[in-house]
Amino acid sequence: MPWMDVMADMALAPWLVILPLAGALLAGLWPAAARWWGLLTALLTLVMALLLALQVHAHGPMILDLGGWAPPLGITLVADGLASLMLLMTAVVGLAISLHALGYLAGEGRGHWFWILWLWLWAAMNALYLSGDVFNLYVTLELVVLASVALVALAGGAAPLVAAMRYLLVSLLGSMAYLMGVALLYGAYGVLGLQALGAQVALSAAPMLAAVLMTVGLLAKSALFPLHVWLPPAHGSAPAPVSAALSALVVKVSFYLILRLWLTVFPALPLSGLDVLMGVLAAGAVLWGGLMALRAPRLKQVVAYSTVAQVGYLFLLFPFLRAHPEGWKAVVFFAVAHGVAKAAVFLAAGTLQRAAGHDRLADLGAVMRGRLKTSFALGIAGAGLVGLPFTGGFIAKWLLVQTALEAGLWIWALVVLGGGLLAGAYVFRLLGPAFEPGPADRGRPLPAVMEWVPLALALLTIGLGFAGTPALSLLARTLAGGGG
Amino acid sequence: MPEEITTWFLIGFDALLALTLLGVAWRLLAGGDLFRSVVLFIAFGLLLSLAWVRLSAPDVALAEAAIGAGVTGALLLVALGRLRRLENRFFRREGGNT
Amino acid sequence: MAADVLTPQIYLLCGVLLFVLGLHALVVRRHLLLKILAVNVMGSGVFMVLLGVAAGGEGGVDPVPHALVITGIVVAVSATAVALVLMLRVKAATGLARLPRSGPED
Amino acid sequence: MIRRRFTSPLVLLMSLTLAGLLIVVVLDLPPQPGLAAPVADAMDRSGVRHPVTAVLLNFRGYDTFLELAVLMLAVLSIWSLGLRDPIPARPVQGPVLHGTLRHLIPVAVVTGGYLVWVGSSDSGGAFQGGAVLGAAGVMLMLSLPREMPMPSALVQRLGLSLGAFAFLAVGTAGLLTGHGFMGYPPAWAYHLILGIELAASVSIALTLVLLFLGGRSRRVRHGR
């Protein structure tokens with residue numbers, strides 16, 4: 001196709017940073033029109049993310065030297081399979097969140113702050129996914145932290161403020177550990193580019209300590225099991241679009257960065273020990289999150305604890321990285337499937353909460369029966385979280401179990417399956433009230449968009465059930481390090 | 001010979017500065033009086049810019065003195081003032097209730 | 001020249017110790033203002049390691065870490081400002097300038 | 001408290017272990033050339049004569065752009081957290097401080113401007129200059145805590161985003177004219193860098209004053 005050749009020469013990657021940043025700046029200048037800037041940005045960014053994914057799929061990874069300065073001196077943007085898949089997932093979920101927020105925040109006096117901070121968060125995440133430089137990654141990471149802390153605190157009230165404070169301190173601790181890692185790497189090799197570092201890192205003390213500091217720092221940010229305390233109150237009490245953005249997207253950021261570092265910078269280092277430790281923490285997260293989700297009395301709390309559990313799956317990454325060269329792809333596909341499904345669940349929960357005026361599970365039956373479209377969306381997306389057949393979650397867990405068995409890691413396969421059973425139990429709890437007999441009540445009137453958006457995302461979860469092959473072939477176009 | 005003496009004098013100065021920095025950091029993080037911690041932190045920032053000069057980084061020294069010590073110090077002092085005022089407000093409210 | 005080698009080493013050592021000192025205080029201290037100060041001390045430690053590396057390199061003083069540290073100082077002051085305001089909001093909402101032992105469930 | 005008795009020694013032990021590991025590693029760092037040589041080689045194409053400025057505004061200009069974004073986002077985050085409290089300071093009485101300020105503030109403005117301008121050839125630059133200007137603004141605020149002379153909400157927002165906007169516009173123009181994102185045509189580099197530095201220093205100064213005030217003013221809330 002001729003247009004493909006024209007596209008091959010175009011530098012699309014910078015636009016994925018320019019567009020949301022320009023949107024964020026404009027929304028900050030004209031808060032009254034913030035939502036329209038937000039919507040325009042969301043649409044344009046989705047188009048760009050689609051084009052970029054197509055371009056990468058057709059022509060392989062692209063590296064762009066910013067300002068025309070070649071790597072040891074300048075910063076690079078790297079658009080490869082992994083980055084473009086994350087960008088695409090962010091754009092799809094981001095558009096859904098923006099559309100839903102249009103209805104959810106209508107008539108809220110402080111609604112424009114959501115739009116401004118959300119566009120900043122989006123810009124920061126895109127910049128992070130594209131960055132090919134360890135120090136630049138630090139700056140983008142701080143942007144993500146500041147925007148998401150402000151979004152958590154936006155709800156006001158003691159619990160969200162305390163959660164935001166805890167999140168900020170844990171994140172700053174993580175950032176400092178990461179930055180010390182950067183300093184050690186620069187001290188040992190004198191370069192900052194991911195590729196350049198990957199080409200030089202060999203088994204010795206400095207990169208080992210840097211790897212440990214950076215990994216642990218980022219783990220703290222991503223709320224892996226013993227460090228998860230701030231997550232449930234933060235994600236559970238925020239406005240629904242914020243919860244969706246935090247649970248579906250922000251949690252994936254530090255996971256992505258850890259994966260990127262181990263794929264590109266540290267492939268020469270051994271993972272022995274680390275993989276078992278991470279696997280145990282991951283299993284702890286899956287169990288603990290699942291059990292807490294079974295006990296939580298409110299709809300959004302259940303979903304928030306489900307995120308604690310699902311972060312656990314993400315960090316099965318380490319045993320997989322060690323045991324199977326392609327193992328990380330299954331985990332990335334899981335991250336994408338979880339992002340879409342979790343956003344759909346949180347948005348549907350937000351719609352039900354708005355309709356009923358509360359989100360106590362025990363009293364939600366009538367509204368769930370009255371708002372069938374939304375309950376249906378909750379059900380399908382919930383099935384995606386559990387990993388029932390015909391959903392993206394099923395393919396993701398299938399890939400995880402298959403990879404685990406191929407590598408002889410039957411313990412981790414058991415964790416995946418056991419976690420699935422727990423997820424089945426708490427998703428059934430979520431849907432339970434809908435199946436009780438009783439009157440149906442549509443609750444408060446709501447804009448139609450709040451019902452259609454969760455449904456569309458939920459249907460996309462089913463669509464992802466057929467996206468395994470294209471996603472994996474896009475991921476095959478990922479730049480790996482180690483002499484490359 | 002005098003050159004060597006200067007060199008060793010400077011190294012002694014570096015060691016002394018490093019020890020002072022560590023001591024100040026230790027004291028300011030030890031807790032107790034918050035106002036003292038904040039003042040010590042500002043002093044810490046100024047000592048740091050001295051260290052940056054010794055590490056031949058005059059640009060960083062300027063930035064540290066202006067931003068690290070100056071602006072951060074002002075931020076800390078004003079935050080401490082507001083914290084005290086909030087404390088008084090809570091104290092008064094609780095005093096009124098009981 | 002002994003000074004060319006020793007000076008950066010002294011500051012590398014000092015930077016590492018500042019980093020650990022800050023880390024320890026961040027975990028152990030409970031008042032939020034002290035925790036915020038601890039993060040700043042950790043940051044200064046990292047900056048010192050970066051500048052020590054810059055001064056101890058083979059090819060003369062390296063300007064790139066200087067630029068990185070200036071960026072880092074500005075990022076640190078931004079984060080500190082946000083943390084301080086958040087601390088005041090927590091104080092106003094809960095009456096405490098410290099974090100409760102475990103997260104409140106609601 | 002029992003928990004505390006067990007965790008404190010554990011934290012101490014872990015800190016000491018980390019300190020030991022870090023000391024061993026940093027004192028054993030291999031000598032490496034760093035980036036001094038590549039920077040020196042590219043200086044004649046950078047448009048400025050001072051290496052640190054060249055790194056900040058040209059070679060790694062993208063970092064600096066995002067750093068301006070961090071500053072701006074910090075102010076927005078603080079504004080989103082609520083209205084600001086009055087500054088805990090009394091208005092200054094008497095002629096001494098007012099007289100001092102009347103002389104000090106012009107000096108600070110000149111010093112700040114000089115630092116921005118000199119950044120292209122010597123130590124200085126947008127951040128240092130902006131910080132001095134910001135410090136002058138903070139002193140002004142402190143001397144008049146009751147009747148602060150603040151510009152209107154739109155002007156505040158414009159001034160706040162000026163630096164980031166200028167940087168983004170120049171960076172995008174570079175992308176559209178074939179010099180790459182964040183690239184300058186070498187012939188114009190000096191002027192573009194000076195322009196960005198001026199815009200950035202204004203934004204930085206305003207940002208620092210607003211960070212100091214903490215929280216948005218009532219005007220920002222209603223100003224649309």
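This is a predicted model: local features need pLDDT of at least 70, side-chain atom pairs count only at pLDDT 80 or more; totals for chains, interfaces and linings use all residues.

**Two helices in chain A**

Start with helix H11 (residues 240–265) and helix H15 (residues 327–356) of chain A, which pack with their axes 7 Å apart and at an angle of about 170 degrees. Angles over 145 degrees count as roughly antiparallel, so that is how H11(A) and H15(A) run relative to each other. On the H11(A) side, the residues making the contact include A:Ser243, A:Lys252, A:Phe255 and A:Leu263, while H15(A) brings in, among them, A:Trp328, A:Gly339, A:Lys342 and A:Phe346. Sorted by class, the residues of this contact come to 13 nonpolar, five polar and two charged.

**Between the chains**

Which chains share the most contacts? Of the five pairs of chains in contact, it's A and D. Here 45 residues of chain A meet 45 residues of chain D. Several elements of chain A give two or more residues to the side that touches chain D, including helix H2 (13–29), strand E1 (62–65) and helix H7 (158–189). H6(A) gives the most, with 11 residues.

| Class | Chain A residues on the side touching chain D |
|---|---|
| Nonpolar | 35 residues |
| Polar | eight residues |
| Charged | two residues |

And chain B? No contact joins chain A and chain B, and their closest C-alpha atoms lie 15 Å apart.

Key: Residues are numbered from 1 along each chain as its sequence is written. Chains are lettered from A and ligands numbered from 1 in the order in which they are written. Axes are lines fitted to C-alpha atoms, for helices over the stretch in contact, and angles run from 0 to 180 degrees between N-to-C directions. Helices (H or I, at least four residues) and strands (E, at least two) are DSSP runs, numbered from the N terminus. Angles under 35 degrees count as roughly parallel, over 145 as roughly antiparallel, 65 to 115 as roughly perpendicular and the rest as oblique. Two residues are in contact if their C-beta atoms, placed from the backbone, lie within 7 Å. Ala, Val, Leu, Ile, Met, Phe, Trp, Tyr, Cys and Pro count as nonpolar, Asp, Glu, Lys and Arg as charged, and the others, Gly among them, as polar.
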